[in-house]
Amino acid sequence: MAGKCNEGCFCPKDTFLQDGKCVLADECQCMFNGEVKAFGDAWKNLDTCQNCECLEKGEVFCVSVICDKCSKKEQMVFDEGACCPRCVEDWVSADPAEHTDVPLSSDLTISCSSLVPANTVDWFFSNDDGATWTEIDRNVNRMTYTIKTISAENDGLYKCEARKNRRTDDAIISVKAAEKAATCPVPTLKNGVTTPPRGELEVGDSVQFKCKKGYKITVTKKGVCKPDGSINALGVCVPVTKKKKG
């Protein structure tokens, strides 16, 4: 590969034009991306993924970059602009890796992420701190899993296991539901009354809503105490609109 030196029309025989001067071949320097390289300089050409060196007489010599081989446990991760992949052993992660005080009866979506697109993903559950694992039956092969209607039975560890290029890695997520509430406080109803009028409701018990004269009930006439200590729905009293006589 030729450097910056070019045989000029006005230079004596066996000399070359460099930086406006006629120089001998042995004095020629190399040029790379507008930068002058001296004899013996070495650099990496990221555009072509080559290691280059400036030789005598301004000649540039390049060879392809030799990348390290990854072990059987490592995954090759290609970063943008890099000539060689990174060799990563822990390529699956969970963020967050812990969910605590998850509201009872709610849905919780847990997820893992992978530095490379996984071919297959399986989920497992353990309620004995990882001593044994049970595979979770799913219809979709994804890095996310949704636990429906959370209860204390869902407390434990969840593991997502990903496979790619005959390599396997996993991440573990812990889940802990909120403590079950013993009772729910009877709510107050503006412009209305409740039955019972005050006190606490046991989980599963209901409260009735009734509006005062001149108001009507909307949303619901009855609320039920949920395991998380809240009422599933609250009645609302709105004024009754009288129709004008025509």
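This is a predicted model: local features need pLDDT of at least 70, side-chain atom pairs count only at pLDDT 80 or more; totals for chains, interfaces and linings use all residues.
Residues are numbered from 1 along each chain as its sequence is written, and side-chain values use heavy atoms, with hydrogens and water left out.

Strands (E) are DSSP runs of at least two residues, numbered from the N terminus. Two strands pair if DSSP finds at least two bridges between them. Three strands form an open sheet in the order E5-E6-E7, and their pairing is antiparallel. Strand E5 (42–45) and strand E7 (60–64) are the edge strands, each pairing on one side only. On average, neighbouring strands of this sheet are turned by 25° against each other, direction ignored. This angle is taken between axes, which are lines fitted to C-alpha atoms; angles run from 0 to 180 degrees between N-to-C directions. Strand E6 (residues 50–54) is joined to E7 by five bridges. Within this pairing, Cys54 has Val60 of E7 as its bridge partner.

Three bridges connect strand E10 (residues 92–94) with E12. Here Ala94 stands opposite Cys112 of E12. Four bridges connect E12 with strand E15 (residues 144–147), again in the antiparallel sense. In that pairing, Ile110 has Tyr145 of E15 as its bridge partner.

The model contains seven disulfides. A disulfide is a covalent bond between the sulfur atoms of two cysteines. The criterion applied is a pair of cysteine sulfur atoms within 2.5 Å.

Cys52 is joined to Cys62, with an S to S distance of 2.0 Å. Cys52 belongs to strand E6 and Cys62 to strand E7, 10 residues apart. The link is right-handed, with 110° about the S-S bond. Cys52 is buried at 4% relative accessibility. Cys62 is partly exposed, at 22%.

A second disulfide connects two loops. The sulfur atoms of Cys67 and Cys84 are 2.0 Å apart. Cys67 lies in the loop between E7 and E8 and Cys84 in the loop between E8 and E9, so the pair ties together parts that are 17 residues apart in sequence. The torsion about the S-S bond is about -80°, so this disulfide is left-handed. Both cysteines are partly exposed, Cys67 at 32% and Cys84 at 24%. Cys83, by contrast, counts as buried at 18%.

Contacts are defined by heavy atoms within 4.5 Å. Leaving aside residues up to four places away in sequence, Pro85 touches Cys67, Met76, Val77 and Phe78. The C-alpha atoms of Pro85 and Cys70 are separated by 9.0 Å, although the two residues are 15 apart along the chain.

Cys184 sits in strand E18 (residues 183–185), while Cys225 sits in the loop between strand E23 (222–224) and strand E24 (236–239), 41 residues apart. The torsion about the S-S bond is about 75°, so this disulfide is right-handed. Both ends are buried, Cys184 at 0% and Cys225 at 2%.

A nonpolar core is a set of buried Ala, Val, Leu, Ile, Met, Phe, Trp, Tyr and Cys residues joined through side-chain atoms within 4.5 Å. The largest such core has 26 residues, of which Val92, Ile110, Cys112, Trp123, Ile147, Tyr158 and Val175 touch the most other members. At least two residues each come from E10, E12, strand E13 (120–126), E15, strand E16 (156–164) and strand E17 (167–177). E17 gives the most, with four residues. Ile147 touches Ser106, Asp107, Leu108, Ile110, Asn154, Tyr158 and Val175, not counting residues up to four places away in sequence. Apart from this core lies another, of 10 residues, among them Cys184, Leu201, Phe209 and Cys237.

How values were computed:
Buried means under 20% relative accessible area, exposed over 50%, partly exposed in between (1.4 Å probe, protein chains only).
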